[in-house]
Amino acid sequence: MDFDLSEEQRLLKESVDGLLADAYDFDARKKYMKEKGGWSKALWGKLAEQGLLGLPFAETDGGFGAGAVETMIVMEALGKALVVEPYLATVVVAGGFLRHGGSAEQKAKYIPGIIDGSRTFGFAQLEKNSRYDLFDVVTTAKKKGAGWVIDGEKFVVLNGENADTLIVTARTKGGQRDKTGIGVFLVPADAKGVTRKGYPTQDGLHAADITFTNVEVGADAAIGDPENGLPLIERVADEARIALCAEAVGAMDESLKETVEYIKTRKQFGVAIGSFQSLQHRAADMFVALEQARSMSMFATMASDFDDAKERSSAVAAAKVQVGKSLKFVGQQSIQLHGGIGMTMEAKIGHYFKRLTMIENTLGDTDYHLRRVSEGGGLLA
């Protein structure tokens with residue numbers, strides 16, 4: 001297989017790398033985190049100006065019709081820069097629901113706002129006892145006339161504190177762990193009965209716990225089939241996992257560079273510690289782990305176009321396993337080789353480790369996806 005980027009993809013990579021190199025150094029990131037909501041509206045506008053928010057959408061919807069490889073390129077760049085803006089929640093997740101399940105009216109209503117940067121989203125899926133099972137849903141959506149009434153609680157909703165619109169999974173029939181009877185709904189964040197409790201997460205992003213109390217939405221709020229939404233949820237979740245793998249590769253790549261540069265300059269016993277063979281071996285092992293993760297990230301990106309949902313999910317799970325193992329090793333070794341300075345808020349390397357840790361635990365940790373691979377009959381080296 002040819003993994004070389006096309007000319008258009010190479011130009012995209014240069015464009016996003018250039019933008020973030022100019023606007024997103026570590027000091028700028030700390031400044032953006034102090035803005036209202038925890039991210040920069042001005043930088044979000046620049047992403048929109050460069051067309052990055054419209055990449056995955058069809059040209060008929062005002063986008064550029066790009067695919068998974070282009071999303072991988074952008075997410076890897078965002079990972080290198082430790083970007084805190086809600087690209088994953090808005091463009092990848094919400095955009096995925098609209099692209100794969102939205103009606104023509106829903107696409108016309110919501111996609112232009114994503115593309116021009118005027119609307120952001122949060123995916124309200126995680127519940128108190130659901131862990132990583134997407135089908136474990138207690139929140140209910142009951143029919144009322146032509147519309148729906150939503151009741152329940154959702155937790156750790158990324159960008160939930162600032163989102164204009166929430167995408168909510170809710171049960172329309174059946175029991176808590178039934179795989180049928182689950183719907184996906186578009187809910188205005190300021191709708192009557194929606195209560196949000198926002199907070200920063202350990203990696204510098206923001207999330208919210210959200211309560212829905214007799215929240216009424218119209219019939220047009222349902223995305224796709226309100227009684228069989230799980231296949232759509234699983235497809236979008238897999239696309240989000242693929243994007244997270246790419247982001248992790250970017251963060252690991254930069255972590256390795258930062259660490260190698262540090263051991264070249266940090267002196268002990270009158271010489272740079274990078275001259276010690278044992279530390280060179282550690283850096284080499286970190287490089288191997290990074291390249292293993294990069295290969296699996298590329299594999300998962302290719303798998304996003306698989307027609308067979310089971311085959312796609314098994315490939316994505318395998319990628320999440322390898323990326324999870326690699327990011328843990330690279331992150332821990334980065335801190336170890338930096339020593340005490342790596343544990344401080346002033347050191348950039350610790351922030352990479354925090355983000356990598358959160359990626360590993362988002363939409364299924366390594367153990368969860370290892371079980372998925374095992375159950376699916378997949379193979380891991």
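Here are some exercises with worked solutions on the model shown above.

The model is predicted, so to speak of local features we need pLDDT of at least 70 and count side-chain atom pairs only at pLDDT 80 or more, while totals for chains, interfaces and linings use all residues. Residues are numbered from 1 along each chain as its sequence is written, and side-chain values use heavy atoms, with hydrogens and water left out.

**Exercise 1. The whole chain**

Task: How many helices and strands does the protein chain have, and what are its radius of gyration and its box?

Solution: 
- Start with the secondary structure: the protein chain has eleven helices and nine strands. Helices (H or I, at least four residues) and strands (E, at least two) are DSSP runs, numbered from the N terminus.
- Then look along the principal axes, where the C-alpha atoms fill a box of roughly 80 × 45 × 40 Å.
- Finally, check burial: 55% of the 381 residues count as buried. Buried means under 20% relative accessible area, exposed over 50%, and partly exposed in between (1.4 Å probe, protein chains only).

**Exercise 2. Helix α9 and its partners**

Task: At what angles do the axes of α9 cross those of α8, α10 and α11?

Solution: 
- First, the approach: two packed helices are described by the angle between their axes and the distance between the axes. Axes are lines fitted to C-alpha atoms, for helices over the stretch in contact, and angles run from 0 to 180 degrees between N-to-C directions.
- To name the angles, count those under 35 degrees as roughly parallel, over 145 as roughly antiparallel, 65 to 115 as roughly perpendicular and the rest as oblique.
- Begin with α8 (residues 277–303) and α9 (residues 309–338), whose axes come within 8 Å and cross at roughly 155°. The two are therefore roughly antiparallel. The residues of this contact divide into 16 nonpolar, six polar and three charged. Ala, Val, Leu, Ile, Met, Phe, Trp, Tyr, Cys and Pro count as nonpolar, Asp, Glu, Lys and Arg as charged, and the others, Gly among them, as polar.
- Move on to α10 (residues 348–360), which packs against α9 at about 160° with the axes 9 Å apart. This pair is therefore roughly antiparallel.
- Turn to α11 (residues 366–376): its axis and that of α9 come within 8 Å and cross at roughly 140°. That makes α9 oblique to α11.

**Exercise 3. Residues in their places**

Task: Are M75, A146, R131 and F269 buried or exposed?

Solution: 
- M75 lies in helix α4 (residues 68–81) and is buried, with a relative accessible area of 1%. Its C-alpha atom is separated by 8.3 Å from that of L88, 13 residues apart along the chain.
- A146 sits in the loop between β2 (140–144) and β3 (147–158) and is exposed at 55%. A146 and G218 are 72 residues apart in sequence, and 6.8 Å apart in space, C-alpha to C-alpha.
- R131, in the loop between β1 (121–124) and β2, is exposed at 57%. Although R131 is not a glycine, it has a positive phi of about 55°.
- F269 belongs to the loop between β8 (267–268) and β9 (271–272) and is exposed at 72%. Phi of F269 is also positive, near 55°, in a residue other than glycine.
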